[in-house]
Amino acid sequence: MVREVLLDLAKRFIDKLLEKGASEAEFFGSWAKVRAAEISDGRIKGISVSDAGKYGIRVAVGRRLASIGLSDLSPDIDKLAETLVKIARNTPEDKDFPGFATNYSRGVLSSTYDEKIAGLEPEEIAGLLKNVIETAGDAGRGAGADETIVTQGGLEVIDGGKLVVNSFGEHLYEENTMLSTWIEIKSRKDGGESTFYLEYGSRRLNEDEILRETIEAAKLSTRFMGGKPIESGKYEVLLHPHVTAKFLETVLAPAFSALHIQRGRSPLKGKIDKQVLSENIDILDDPSIDWGVGSCSFDDEGIPTSRKYVVSHGVLETYLYDHYTARRENKYSTGNGFRRSVSSPPSPGFTNMYVVGRNTMKWEELIGEIKKGIIVYGVIGYWTSNFVNGGTQATVTHGLLVEDGEVKGPIKGVVIGGNIYEWMGKDLVGVGDKVVPLGDIHAPAMLVRNVDVAGR
Amino acid sequence: MPDPFDPYAILSYAEKLGADFVDVRVQRRLYETIHLDNGVLREYSIDKIYGVGVRIYLDGYMGFASTNKPDWESVKKTVEDALCAAKAMRLTGKKQELYKRKTSKDSRTSTYKVSAEEVDPSTKINIVVEAYKRCRSVEGIVSALIRYGYEHDKRQYVSSWGDDVQVETRLIGIGILAIGKHGEVMERVYDADSAVAGWEFIESRDWGVFAEEVGKLASEASKAPAIKPGVYTAILDNEMVGLMLHEAFGHASEADEVEANGSILRGRIGQQVANPLVTIVDDGMIEGGFWIPYDDEGTPKRRVATVEKGVLKGFLHSLTTAKSIGGEPTGNARAMAYSYPVLVRQTNTFMLPGDAKPEELFEDVKQGVYIRGRGALGGEVNPAMGTFTFIAGPSYIIENGEIKNMVRGVMLSGMILETLRNVDMVANDLKVKTSVFGGCGKGGQMVRVGDGGPHVRVSRITIGGGR
């Protein structure tokens, strides 16, 4: 088992680092057995398998820090420990460094490991994907397309886990599984063609759910043929839950990080107990969602996770802390320290970000509210939205024009722009009743007015 | 002890198990990061990877497996896994053939004078600290992050055909993120400068000046209004042209997209897809760009013109796409690391320069926008729907040929088959850039790329953005 190898490495590294003059050390390891299949033009193009472990070691000499990230499972520990301590000695002191996190324990427990995923053989993965391809084809034709194919896509399953160890003799590990699939479905009808892109992820294998999502996406792939830009102006915009999630991930989630608050680059600085979003909005950090992509019982520095309101009735309740940012404010970590890579220091972030409306409307009711607007099902470039000021933008690839509650036809190639605090504040018209996961963001549909649309 | 990642031992083991074709990629990579956040050293890290990836073809089916466990039993298991994956394709998979090209045997190293691995950590930290101080000295800057990055990548490719290619590359640079605040409004500007080089590149520049420039731009941008959404005439600077070509055209010209039926350019070879002023090139060794003499299938990276005088001439290929849709391998099969199978990727995408002087592009623009690349965040395309987008850095309104006030949050959006037809002037000033901090993402893999071009004028393009 890679986990045992990593645990053994951690102990040997930590002993050696202390011997070389480190005051403390922290080891973070992760391992993953990955099996993936890739689709091209409706067929499976290749299957790949990998089995790897990687780990990072952070070391402190007093308040001077350095880190190393490795994938080598039989490293030259003596030499690497010496290099690491030497680098640390050369770095400037971080006067706020409180030491590495201690008091490891588990917080909320949820289901994160699915034996079925762990046991999937390459043939079964290929079989599942074949089923997805055929289901998409049938559903597209059922929705009126002459032809529907999955042009590109893939399915990946991971059986892995994480391990955290410190020089105070503590360690914790957690195993998890993950299944993700992404497929692009293309439909043709009367010489026109359009696509839809499905992204799906869960920690468990639920074939029925995957096929349901496939059918939905295949039907949508028939709806955007001949899309064109519309006139520039102000519109109402109804964001599909996946589109809401994409914006939230980029422009809102990072603003809750205590690191960004302390470094002066979040617009939520100084806003605790203030109204920052509409009264209709609640936001939770929820690590307890069964099979949620971000569910975990402890964060990447061994601190227990907990379910909590970050925004309640639109009022900012708390920031998200890791050990470092919490100690700077004489607080305890909220269990939200996550690492960008094995060697990175932790940064505060959500486990699962769960956004929900207090008064909600059905999807059809939301459409019925629209006088002149667009329903946005697909966007590109949303990730350029700016958490520093809430600036929110994307180009619409899949949209439908709506007038007086009636869908008029497809649109594409327009830029929607505005500010997330206005969209989820004074300009929020309605929130959908279904909260839908996309990765670790769980979001509803949102109907927003006064959105800038750059079109023709 | 014999090297467990000996590619020849792996090759013969796979062939002994009955593989029709095998290729082996061994990679050793080091990435050094220094990250100074508001004057505090947040991260000094060194990341190393070492591993092997094995691709096997059996009866036309492809299986791939990789490992980083350096013992022969694990390596053998990896070969068996690749074979098993190829066999698992028999019921549902797509058969593929490889284009048989000339055997490659070569060993290449990118130019450098001083290896950054030999430079003392404190020297590196001092440069970053000085850049931070200079950035924060600019009025209105409330937060700044400085990054140093260095990548040393060694790859070996060995195949059943007798190929043996070794490529060693060094890429180095510094990036600055400055956040300016004016009243309640904050704005960020990020810029980086990188080169395929050693430590001498860092020594050749005054990073304090660079940091100050980025700081000033962020400070000014925090005072600038958002652009009024609409359709504009746009003049794109060298960086923005590169970004636009990469998104608007480059991805759709990748033959795996075409093969999958996922590109709007399928079936259009020989057709006019851009203004005759436009020639688009993919070149692995252009100055200023990333350096790729061979791809990850051992194919020499040729300079390819995908568009010549506005006409679509061909696609970017791997060995399999060249065979399946016709064409020659162009050296564009690339993988992020040993643990990923290859995809068709761009290398350095740029437009060839024209005749006009850059200032001539502005002369008869009554109302337009000068789209600047400094601080640009990148772009994205949906090659099947034919829509692309990219976001510029702080840009400027043009009125009656003159550059006027700054605007921020500028997002451009266009259609692949339309926008390049709307290019109506091309300047003579070619520049290409790459970055050690980023690259291009596709199918979950990030690879280093470069892009650029001359100043270009586009008569009509949709511009909007956040505020």
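This is a predicted model: local features need pLDDT of at least 70, side-chain atom pairs count only at pLDDT 80 or more; totals for chains, interfaces and linings use all residues.
Trainee: Which scores does the model have?

Mentor: The model has ipTM 0.91 and pTM 0.94. For chain B, the average pLDDT is 95, and 100% of the residues reach at least 70.

Trainee: How is chain B divided?

Mentor: Domain 1 of chain B covers 7–223, and domain 2 covers 230–464. Their C-alpha centres are 22 Å apart. Contact involves 44 residues of domain 1 of chain B and 30 residues of domain 2 of chain B.

Trainee: Which element gives the most to the side of domain 1 of chain B that touches domain 2 of chain B?

Mentor: S6(B), with 7 residues. Other elements supply at least two residues each, including strand S1 (21–37) and helix H5 (207–223) of chain B. By residue class, that side of domain 1 of chain B has 18 nonpolar, 13 polar and 13 charged residues.

Trainee: Now the sheet. What is the strand order in chain A?

Mentor: Strands of a sheet pair through backbone hydrogen bonds, in a parallel or an antiparallel way. In chain A, 6 strands make an open sheet, ordered S10-S9-S8-S13-S21-S20, with mixed pairing.

Trainee: Why is one side of S10 and of S20 of chain A left without a neighbour in the sheet?

Mentor: Because strand S10 (315–316) and strand S20 (436–438) of chain A are at the edges, each with a single partner strand. S20(A) pairs with S21(A) in the antiparallel sense, over 3 bridges. There, Pro437(A) has His442(A) in S21(A) as its bridge partner.

Trainee: Which helix lies across S13, S20 and S21 of chain A?

Mentor: Helix H6 (residues 241–252) of chain A, which runs at about 130 degrees to S21(A).

Note on methods. Residues are numbered from 1 along each chain as its sequence is written. Chains are lettered from A and ligands numbered from 1 in the order in which they are written. Domain bounds come from an automatic or database domain assignment. Two residues are in contact if their C-beta atoms, placed from the backbone, lie within 7 Å. Helices (H or I, at least four residues) and strands (E, at least two) are DSSP runs, numbered from the N terminus. Ala, Val, Leu, Ile, Met, Phe, Trp, Tyr, Cys and Pro count as nonpolar, Asp, Glu, Lys and Arg as charged, and the others, Gly among them, as polar. pLDDT is the predictor's confidence in each residue, from 0 to 100. Two strands pair if DSSP finds at least two bridges between them. Axes are lines fitted to C-alpha atoms, for helices over the stretch in contact, and angles run from 0 to 180 degrees between N-to-C directions.
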